[in-house]
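Let's walk through this model together, one region at a time. Please keep the viewer open as you read.

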Amino acid sequence: MTLRALWRSRYSYLFLLPTFLFLGLFNYIPAFSGLYHAFTEWETSSTAHLNGLENFRRMAQDEFLRLSLANQFWLLLASLLKTLIVPLMVAEMLFHLRSSRLQQILRTLFLTPMIVPGMVGVLLWGFIYDPNIGLLNNALTAVGLGSWNRAWLGDWHTALPAVIGIGFPWAGGLALLLYLAGLMALPVDLLAASSVDGATFWQRFWAIDIPLLRGQMKTIAVLTIIGTLQDFGSLLVLTGGGPGLATHVPALHMYFQAFRFGHYGYASAIGFVLFLVTLTFTIANMRFVTANEEIA
Amino acid sequence: MRNRQMQTQAVLITALILLLILSMVPFVMMLVLSLKSNAQIFTHFWEPPKPARWDFYLKAYNALGGYIANTAYVAILTVIGVLALASLAGYTFARHRFPGRELLYYGILSLLMIPGILTLIPTFMLVKEMQLPAFVFAGRAWGPFALINTRWALILPYIAGGQVFGILLCRGFFQSLPEELFEAARLDGASEWDIYRRIALPLSHPILATIAIMTSLSVYNDYIWPLIVISDNAIQTFSVGVTKFAGEFNLDYGPTLAGYVLGSIPLLLLFAFGMRYFIQGITSGALKG
């Protein structure tokens, strides 16, 4: 590679310069800074200095963090079930509609909840769970179950299930679109052959749809895991991690450590671990699916 | 046989409509209750608004209109920046051959592996310190301008992050164009810039529309970043503003819900014009990575 070759490509580099200026400043430097500061003591009042693995030792003994892990596990499990199963069922039902006109109309209607800003959706669910005028309590009273009324998000027993219930029946969104696109892309002759062979719906579902939708399922799973681990905004607004620690999660813990208590170094270490977890899931999932595809 | 099929269709349609109704419950509740006074909500929860309190919408507009305008301002500038950078870089990666192309491209792809949670704190610290130094211009001293608590503290990082997915989409799109198109222009002596500006860019409107919609959506829905970098209410965005607003009026539910409806209108318009492009973006395959 000579200087002449580089000079000949000067326009290419020039065209990429603005992109990399932005990425360098706001993505690469912060990423490395985040990795570095995970190993520092860095408080509001002082500049950062290296303190080895001290932050990680502190994490191991952090009771709040330990309790938040259990919540995170349930939230993660629930959101995987929510995004992998219900939208797939809806996509299958839409796919099997005879009328393509009806199919299109229903698909669009299932996507309409997306026109409500994310934070409004969260606040609306806060409203549904409201102890005084909430829809849920009113509905229970209307059917004679008024004794079940409670402050759903304020009650230690129901706060986490209530958070999981947000978005019920979890039918639409990105996952539905991906599944539907996947089903539409299935080879027509394969479907025709299976129907000639007299395969029932469930036989076809397990033998054809599921294996061929594995790519979509992988994407949805990875996006869901990454999204769930990082989404603490809605918890911050709805419960603040409470009552007590009932809905506390590691990302929220990181946020509080940094922006409430000014422990930036310790918060960076939590961010670093969350990053490693996300990365592991992403890579493991890619490996797993590729290996499976090679066998098939 | 035919009868059986009709039955199946009927069951499918019923199930789908049932699910749809359940999905719509929060939004119907929002619309109905936004027109009811507290007294009506407390005593006649299930009845339609009587009288409908349209004045709540004026109240909500006065409180939230500014936040919505701020978000629109930030979203528009972000979209312009993302489209400019993503199309130029995507075009270069797709159509130019130069030393280090693969390496640089992987450098961009690798960013998809970096979650925002790792960079949140360092980016905040960086933006907090960042400023344009003082300078003299037109006989006047200007600055220094600090970035924190300005709209640019939102726009600049949004452009940086938003272009990554945009570059992926644009690269895929420009690769799908026939080489002859560019070869002919090169033979005619067009400059690299002209080829990008006059051939590639005009052809890429559909993919740019997709990127514009995805970017606007993510700007509109972002909550944490504006929460930590903007402290001045006059330039705050809707997502943060609406949570404050919900607190202010928390004894008056109607106007709060009217505010939620108002905040949904910009996204309604966005989807009305661009649903097709949005669906293309989601299903384009770039997401399947």
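Phe165(B) is buried, because 21 other C-beta atoms lie within 10 Å of its own. The cut-offs here are 20 or more such neighbours within 10 Å for buried, 12 or fewer for exposed, and partly exposed in between, with C-beta atoms placed from the backbone. You will find Phe165(B) in helix H6 (residues 152-175) of chain B; helices (H or I, at least four residues) are DSSP runs numbered from the N terminus. Thr243(B) is 78 residues away from Phe165(B) along the chain, and their C-alpha atoms are separated by 29 Å.

A word on conventions before going on. This is a predicted model, in which local features need pLDDT of at least 70 and side-chain atom pairs count only at pLDDT 80 or more, while totals for chains, interfaces and linings use all residues. Residues are numbered from 1 along each chain as its sequence is written, and chains are lettered from A and ligands numbered from 1 in the order in which they are written.

Now turn to where the two chains meet. In total, 67 residues of chain B are in contact with 73 residues of chain A, contact being C-beta atoms, placed from the backbone, within 7 Å. On the chain B side, helix H1 (residues 2-33) gives the most, with 12 residues. That side of chain B has 50 nonpolar, 15 polar and 2 charged residues. In this scheme Ala, Val, Leu, Ile, Met, Phe, Trp, Tyr, Cys and Pro are nonpolar, Asp, Glu, Lys and Arg are charged, and the others, Gly among them, are polar.

Two helices of chain A let us look at H1(B) in detail. Helix H6 (residues 100-111) of chain A has an axis that comes within 10 Å of that of H1(B), and the two cross at roughly 25°. Because of that angle, H6(A) is roughly parallel to H1(B). Axes here are lines fitted to C-alpha atoms, for helices over the stretch in contact, with angles from 0 to 180 degrees between N-to-C directions; under 35 degrees counts as roughly parallel, over 145 as roughly antiparallel, 65 to 115 as roughly perpendicular, and the rest as oblique. The crossing of H6(A) and H1(B) is left-handed, a term for a near helix turned anticlockwise from the far one by less than a right angle, with clockwise giving right-handed. Leu106(A), Leu109(A) and Phe110(A) of H6(A) meet Leu16(B), Leu20(B) and Ser23(B) of H1(B). These residues divide into 5 nonpolar, 1 polar and no charged.

H5(A) also reaches H1(B): their axes come within 10 Å and cross at roughly 140°. H5(A) and H1(B) are therefore oblique to each other, and H5(A) passes H1(B) in a left-handed crossing. Val90(A), Met93(A) and Leu94(A) of H5(A) make this contact with Leu12(B), Ala15(B), Leu16(B) and Leu19(B) of H1(B). By class, there are 7 nonpolar, no polar and no charged residues.

Staying with helix H5 (residues 86-95) of chain A, we can follow its packing within the chain. It packs against helix H10 (residues 173-184) of chain A at an angle of about 45°, with the axes 8 Å apart. That angle is why H5(A) is oblique to H10(A); the crossing is right-handed. Among the contributors are Val90(A) and Leu94(A) of H5(A), and Leu176(A) and Tyr179(A) of H10(A). This contact has 11 nonpolar, 1 polar and no charged residues.

Next comes the core. The largest nonpolar core has 142 residues, and those with the most contacts inside it are Leu123(A), Leu176(A), Ala251(A), Ile211(B) and Val242(B). Such a core is a set of buried Ala, Val, Leu, Ile, Met, Phe, Trp, Tyr and Cys residues joined through C-beta atoms within 7 Å. Its largest share, 17 residues, comes from helix H3 (residues 55-95) of chain B. Not counting residues up to four places away in sequence, Ala251(A) touches Leu229(A), Gln230(A), Phe232(A), Leu274(A) and Ile117(B).

Helix H11 (residues 188-196) of chain A is hardly covered, with 0 buried residues among its 9. Leu191(A), in this helix, is partly exposed because 15 other C-beta atoms lie within 10 Å. Ala269(A), in helix H16 (residues 264-295) of chain A, counts as buried because it has 26 C-beta neighbours inside 10 Å. Leu191(A) and Ala269(A) are 78 residues apart in sequence and 51 Å apart in space, C-alpha to C-alpha.

Technical notes: Two residues are in contact if their C-beta atoms, placed from the backbone, lie within 7 Å.
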